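Here's a quick briefing to keep open beside the model.

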Amino acid sequence: MLILNRITILLFTIALISGCGMNNEARDNNQTANNANVENVANRNKNNDTRMQVADEAQDKIENISEVRRANVIVTNRNAYVAVVLDDNSKGEVRKDLEDQISDEVKSTDDNIRNVFVSSNPDFVERMGDYGDKIQSGKPIRGLFEEFNETVQRVFPTAK
């Protein structure tokens, strides 16, 4: 009977130790996978998503269009966001033919740009001017980029 109790205790201890070891290994594997995901997201954001620059050449070309009084252009990766003040003071939607002309001018300045989003929404025009000033003055882009993304999502909700 004493031997049977000792064997039972020994088997129970081995099972307990094995179970804890397997749980730690699973947790370690899960932690490694989570860290890899975090690093991938961080690298993607660092390398791709946070490139913001003012496209002065594109701005100049757009402002040479007779119907445009003023323009601000910010480029992020392969997208250009254009805020325009039109001579007729129309706000919001830009006529399709004018939008196409603006898009062509922007793309002619940078072969990497695939999508051009244009708006004459007064709030967007004001914010784009502020973002452009902050970028050109060398302000940190990290918080600015998040705010910029929120603005773009509001003005262009169907943009990817």
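Predicted model: local features only at pLDDT ≥ 70, side-chain atom pairs only at ≥ 80, totals over all residues.

Residues are numbered from 1 along each chain as its sequence is written, and side-chain values use heavy atoms, with hydrogens and water left out.

**Overall fold**

- You'll find five helices and four strands in the protein chain; helices (H or I, at least four residues) and strands (E, at least two) are DSSP runs, numbered from the N terminus.
- Reading from the N terminus, the order of elements is α-β-α-β-β-α-β-α-α.
- Of the 160 residues in the protein chain, 30% are buried. Buried means under 20% relative accessible area, exposed means over 50%, and partly exposed is in between (1.4 Å probe, protein chains only).
- The protein chain has an accessible surface of about 10600 Å², and carbon and sulfur atoms account for 50% of that. Accessible areas come from the Shrake-Rupley method with a 1.4 Å probe, and for residues only the protein chains shown count as cover.
- Take the contacts (heavy atoms within 4.5 Å) between residues at least 6 apart in sequence: 61% of them join residues at least 24 apart.

**Salt bridges**

- The structure has six salt bridges, each being a side-chain nitrogen of Lys or Arg within 4 Å of a carboxyl oxygen of Asp or Glu.
- Arg69 pairs with Asp87, with the closest N and O atoms 3.7 Å apart. This pair links distant parts of the chain, 18 residues apart: Arg69 is in strand 2, while Asp87 is in the loop between strand 3 and helix 3 (96-109).
- Arg69 counts as partly exposed because its relative accessibility is 44%, and Asp87 does too, at 41%.
- Arg127 bridges to Glu147, again with a closest N and O distance of 3.7 Å.
- Lys96 is exposed, at 56% relative accessible area, whereas Asp100 is partly exposed, at 34%.
- Glu67, Arg95 and Asp97 are tied together in a network of salt bridges.

**A negative patch**

- Asp56, Glu57, Asp60 and Glu63 form a negative surface patch. Patches are made of residues with over 30% relative accessible area and no salt bridge, joining like charges within 9 Å and nonpolar side chains (Val, Leu, Ile, Met, Phe, Trp, Tyr) within 5 Å.
- For charges, Lys and Arg count as positive and Asp and Glu as negative, with His and the chain ends not counted; the place of a charge is NZ of Lys, CZ of Arg, CG of Asp or CD of Glu.
- Glu63 belongs to helix 2 (residues 56-63) and is partly exposed, at 31% relative accessibility.
- Asp60 lies in helix 2 as well, and its relative accessible area of 46% makes it partly exposed.

**Two single residues**

- Thr151, in helix 5 (residues 141-155), is buried because its relative accessibility is 1%. Beyond neighbours within four places in sequence, Thr151 contacts Phe124, Arg127 and Tyr131.
- Asn77 has a phi near 55°, a positive value in a residue other than glycine. You'll spot Asn77 in the loop between strand 2 (68-76) and strand 3 (79-86).
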